[in-house]
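Subject: Structure handover

Hello,

Here is the structure for you to look over. My notes follow below it.

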Amino acid sequence: FGTFEVTLFSIVECSSASFIEGTPGEDFAGTTAAVTAQYNSTGFGSCDVSRVYLPFDTSSLGTGATISDATLSVYVTAKTNQVNDGSDTIRVTQGSSTFGSFGFTSGATSIDIGSITTSAYNTFTLDSTGRGWINKSGTTELGLRELHEISGSMSSSVAGNSITISTSEQTGTSQDPYLTITYSPASPPSRVMRISEGFVVK
């Protein structure tokens, strides 16, 4: 359902040096992708961060559609929750193939990493903000981020927090990320019929 890409970011003192894994506009080749926020005392810089970019082709909705409900489901294969302080949550934001263009505002129910189930689908329910990001005539771009990374409050725990999800590159479709939308299509155009006296309409 749509293409899938992941954006990875490694930072020096949590402020610079980004790179994208995969080519924007093309399918991401990996079968898994991770949302990560961790302090790294021995690796590149002091913080390791990764965000997941999830674009979906929602153009078939049509501009006149009315969206009443939407959910994002991702299949989680693994998780790490070393910093369990209330900010260990995964959030849905606006996504982008450019790291710096990811949004900060949450558009769905957040899920605490401690509550995430592995080897299973986990579902985020989009709120009115998130539903407003659905592009009825093009591509809907969603992203996954960890709250410590959003707020800039990295912990000194080297292990940090992360979830790993399956991508659409997995064999088959049983673990693909998917977006479920409940909507009403645009009303058909009104038709006006003029009937003259003496004619019968059948």
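Which residue in S9 is the bridge partner of Gln94? Leu142 is. More on that strand in a moment.

First, the ground rules. This is a predicted model, in which local features need pLDDT of at least 70 and side-chain atom pairs count only at pLDDT 80 or more, while totals for chains, interfaces and linings use all residues. Residues are numbered from 1 along each chain as its sequence is written, and side-chain values use heavy atoms, with hydrogens and water left out.

Confidence

pLDDT is the predictor's confidence in each residue, from 0 to 100. The chain's mean pLDDT is 80. Of its residues, 74% reach 70 or more. Please take care with residues 1-27, where pLDDT stays under 50. The model still has 90 contacts for that stretch beyond four places in sequence; contact means heavy atoms within 4.5 Å. Where pLDDT is low, the predicted coordinates should not be read in detail.

Overall layout

The chain has 2 helices and 11 strands. Both kinds of element are DSSP runs, numbered from the N terminus: helices are H or I with at least four residues, strands are E with at least two. In sequence order the pattern reads β-β-β-β-β-β-β-β-α-β-α-β-β. Take contacts between residues at least 6 apart in sequence: 77% of them join residues at least 24 apart.

The chain has 202 residues, and 41% of them are buried. Buried means under 20% relative accessible area, exposed means over 50%, and partly exposed lies in between (1.4 Å probe, protein chains only).

Strand S9

Back to S9, which spans residues 139-146. The strand is mostly covered, with 6 of its 8 residues buried. S9 pairs with strand S4 (residues 47-57) in the antiparallel sense, over 6 bridges. Two strands pair if DSSP finds at least two bridges between them. On the S4 side, Asp57 stands opposite Thr139 in S9. Strand S6 (residues 89-94) also runs antiparallel to S9, joined by 5 bridges. Gln94 and Leu142 are bridge partners there.

Aromatic rings

A search of the whole structure gives 2 aromatic pairs. Rings of Phe, Tyr and Trp (its six-membered ring) pair if their centres lie within 6.5 Å; planes under 30 degrees apart count as stacked, over 60 as edge-to-face and the rest as tilted.

Tyr75 and Tyr121 make an edge-to-face pair, at 5.4 Å centre to centre and 85° between the planes. The pair links distant parts of the chain: Tyr75 is in strand S5 (residues 66-81), Tyr121 in strand S8 (residues 120-125), 46 residues apart. Tyr75 is buried, at 15% relative accessibility. Tyr121 is partly exposed, at 27%.

Tyr121 also pairs edge-to-face with Tyr178, at 5.1 Å centre to centre and 65° between the planes. Tyr178 lies in strand S11 (residues 178-184) and Tyr121 in S8, so this pair ties together parts 57 residues apart in sequence. Tyr178 counts as partly exposed, at 33% relative accessibility.

A ring and a charge: Arg145 lies over the face of Phe104, 4.4 Å from the ring centre. The test is NZ of Lys or CZ of Arg within 6 Å of the ring centre and within 35 degrees of the ring normal.

Loops

Ser119 sits in the loop between strand S7 (111-112) and S8. Its phi is positive, about 55°, although Ser119 is not a glycine. Ser119 is exposed, at 52% relative accessibility.

Gly152 is in the loop between helix H2 (147-151) and strand S10 (161-166). Gly152 is exposed too, with a relative accessible area of 61%. Gly152 and Ala37 are 115 residues apart in sequence, but 9.7 Å apart in space, C-alpha to C-alpha.

Asp85 is in the loop between S5 and S6. Asp85 is partly exposed, with a relative accessible area of 46%. Asp85 and His148 are 63 residues apart in sequence and 9.8 Å apart in space, C-alpha to C-alpha.

Best wishes
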